[in-house]
Amino acid sequence: MSAKIIANRIQNIKPSATMSVSMKAAELIAAGHKIIRLSTGEPDFDTPEYIKEQAINAINNGETKYTAVDGTVKLKQAIADKFAKDNDLYYELNNILVSCGGKQSIFNLMQTIISAGDEVLIPAPYWVSYPDMAILADGIPKIINSDIENKFKINANQLEESITAKTKLFIINSPSNPSGQSYSKEELEQFAAVLRKHPHVYILSDDLYEHIRFDNQNFYNIAMVAPDLKERIIIVNGVSKAYAMTGWRIGYAAGNTEIIKNMKKLQSQSTSNPCSISQTAAVAALTHDKEYVNKMVAAFNKRHELIITEINKTQYLKAIPSNGTFYSFFSVKELIQAHNDKFDNDIDIANFFLTEANVALVPGSAFGTPGYMRLSFASSEEDLQTALQSIKNSIAKLN
Ligand code: PLP
C-alpha cells in the first residue's frame with residue numbers, strides 16, 4: 001500500500017507491541033507448534049457467573065439501546081460508590097465518564113488536555129500504549145527511566161528534574177504493568193510534594209490493577225494521599241482485570257468536571273456510549289462482594305511465588321517479587337552478556353524463547369526498558385511449570 005494513503009498521525013505510531021508478539025505466537029501455533037503463551041495481558045479466569053447472568057437479563061429486558069454517552073446513571077452511581085468505599089474519594093456523577101475500556105478513557109484524556117508540544121512524563125517500564133497515545137495527541141512523550149535496582153520505580157528527584165514549563169501530564173501506574181511494582185503511600189506523598197510546586201502539571205493515576213495485589217498492603221493512589229491535588233488528578237480504572245472482563249470493554253475515568261465534560265464531548269463524536277449490556281454487567285461486578293476476585297488473586301499469588309522462585313533458580317535470569325498484577329518483569333541482561341555472540345538484545349531473547357523453548361514472552365523494549373522480559377502468569381500452574389522448565393533447558397543447551 002502506498003505510504004501516501006496513510007496520514008502522518010498514523011505513520012507516527014507503532015502497533016501495540018504486546019499484540020505483535022501474540023500474533024507471532026499465533027502464527028507458530030497455526031503452523032502446528034505447541035507454544036505456551038505467557039505474553040497475554042488478561043486473566044485466564046472466566047467472567048463470574050453472577051456477572052454473566054446480569055448481562056443475559058439485560059438483553060432479555062431490552063437494555064439494548066443507546067445509553068447516555070458517559071454511561072448509565074446506575075453504573076456511574078456504582079462507580080461513585082466504589083470510589084467512596086474502596087478509596088475514600090467522593091465524586092459527583094458529572095465527575096465520572098464510562099468508556100469502552102480504561103484504554104479509551106486514557107485516550108480521551110490525552111486528546112482532551114494535550115496540545116501540540118505538550119510533554120507527557122512517562123516512567124519506564126510503561127504500559128505500551130502511553131507514548132503512542134501522547135504522540136497521537138501531538139504531545140511529546142518524555143520517558144523517565146528506572147531498573148531492577150530501584151524496583152522499577154522512579155523517585156521524586158527524577159520527577160522534579162523532568163518537569164519543564166511544557167509538562168502537561170505525569171502518569172502513575174501502580175501496581176504497574178509490566179513491572180508488577182507499586183508505589184508506597186510515602187513515595188506518592190513525595191511525588192505530591194513535587195507536584196504541588198508545579199500547578200500546571202496534571203496527573204493520570206492508572207489504577208487498573210488496584211485489586212490484584214499480594215503484598216497485604218493497603219492500596220493508595222495519589223488522590224488518596226494528596227486530596228489537595230484532586231482537581232489535577234484523573235483516575236482511570238475499569239473492570240477488565242479485577243473481574244476477568246477484558247472482552248466486555250468497560251473502563252472509567254474520574255476527575256474534575258471541566259476535563260470530564262470535554263472527554264465526554266470527544267467520546268460523543270467517536271464511539272458514543274460503551275455497550276449497554278456490558279454496562280449492566282459492570283454494575284453487577286462493582287456492587288457484588290469480592291469473593292471471586294479474592295479467589296483469583298489468591299491463585300495469582302500462588303503462581304507468583306512459583307515463578308519468582310523458578311526464574312531465580314535459572315542461570316542468568318533475575319526476578320524480584322511483584323507487589324501485584326499478574327506479571328513478572330525479569331532481567332535477561334546476564335544472559336545477553338554471557339552469550340553476546342548469539343544475542344544483541346532482549347528482542348533476540350524473546351525470539352530465542354519463542355523458537356527454542358516454545359514460550360511467548362514480551363521483550364522489555366516494548367515497555368521502554370530493554371534487557372528485561374515480561375512474563376504473564378495468567379496461565380495454569382502446569383503451563384507455568386512446563387514453560388519455566390523449557391526456558392531452563394533452552395539456556396542450558398547454550399552452554
Ligand atoms: N492500563 C494498564 C496499565 C493496562 O495494563 C491496561 C490493559 O492492558 C489498560 C490500562 C487498559 O485496559 P482496558 O482497556 O481493558 O480497561
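Which residue does Ser 328 stand opposite in S12? Ser 328 stands opposite Leu 375. The model is predicted: local features need pLDDT of at least 70, side-chain atom pairs count only at pLDDT 80 or more, and totals for chains, interfaces and linings use all residues. Residues are numbered from 1 along each chain as its sequence is written, and side-chain values use heavy atoms, with hydrogens and water left out.

**Strands S9 and S12**

- Strand S9 covers residues 327-331, strands being DSSP runs (E, at least two residues) and helices likewise (H or I, at least four), numbered from the N terminus.
- S9 and strand S12 (residues 372-376) run antiparallel and are joined by 5 bridges; two strands pair if DSSP finds at least two bridges between them.
- In S9, 5 of 5 residues are buried, where buried means under 20% relative accessible area, exposed means over 50%, and partly exposed lies in between (1.4 Å probe, protein chains only).
- Tyr 327, Phe 329 and Ser 331 are buried on one side of S9, and Ser 328 and Phe 330 are buried on the other.
- In a regular strand the side chains alternate between the two faces of the sheet.

- S2 and strand S8 (residues 251-254) run antiparallel, with 4 bridges joining them, and Val 98 stands opposite Tyr 252 in S8.

**Nonpolar cores**

- The largest nonpolar core has 123 residues, of which Phe 170, Phe 191, Leu 195, Ile 222 and Leu 375 touch the most other members; such a core is a set of buried Ala, Val, Leu, Ile, Met, Phe, Trp, Tyr and Cys residues joined through side-chain atoms within 4.5 Å.
- Helix H12 (residues 291-312) gives the most to this core, with 8 residues.
- A second, separate core of 5 residues includes Ala 25, Ile 35, Leu 354 and Ala 360.
- Beyond residues up to four places away in sequence, Ile 222 touches Ile 172, Leu 188, Phe 191, Ala 192, Leu 195, Ile 203, Ser 205 and Ile 233, contact meaning heavy atoms within 4.5 Å.

- Ser 205 is found in strand S6 (residues 202-206) and is buried, with a relative accessible area of 2%.
- The residues that Ser 205 touches, not counting residues up to four places away in sequence, include Asn 221, Ile 222 and Ile 234.
- Gln 337, in helix H13 (residues 333-338), is exposed, with a relative accessible area of 60%.
- Gln 337 and Tyr 316 are 21 residues apart in sequence and 9.1 Å apart in space, C-alpha to C-alpha.

**Ligand surroundings**

- The ligand is surrounded by 14 residues, the closest being Gly 102, Asp 206, Ser 240, Lys 241 and Arg 249; a residue is counted if one of its heavy atoms lies within 4 Å.
- A backbone N or O atom of Gly 102 lies 2.6 Å from an oxygen atom of the ligand.
- A side-chain N or O atom of Ser 240 is 2.6 Å from a ligand oxygen atom, and one of Lys 241 is 2.7 Å from a ligand oxygen atom.

How values were computed. Polar contact = N/O pair within 3.5 Å; in protein donor to acceptor, adjacent residues only side chain to side chain.
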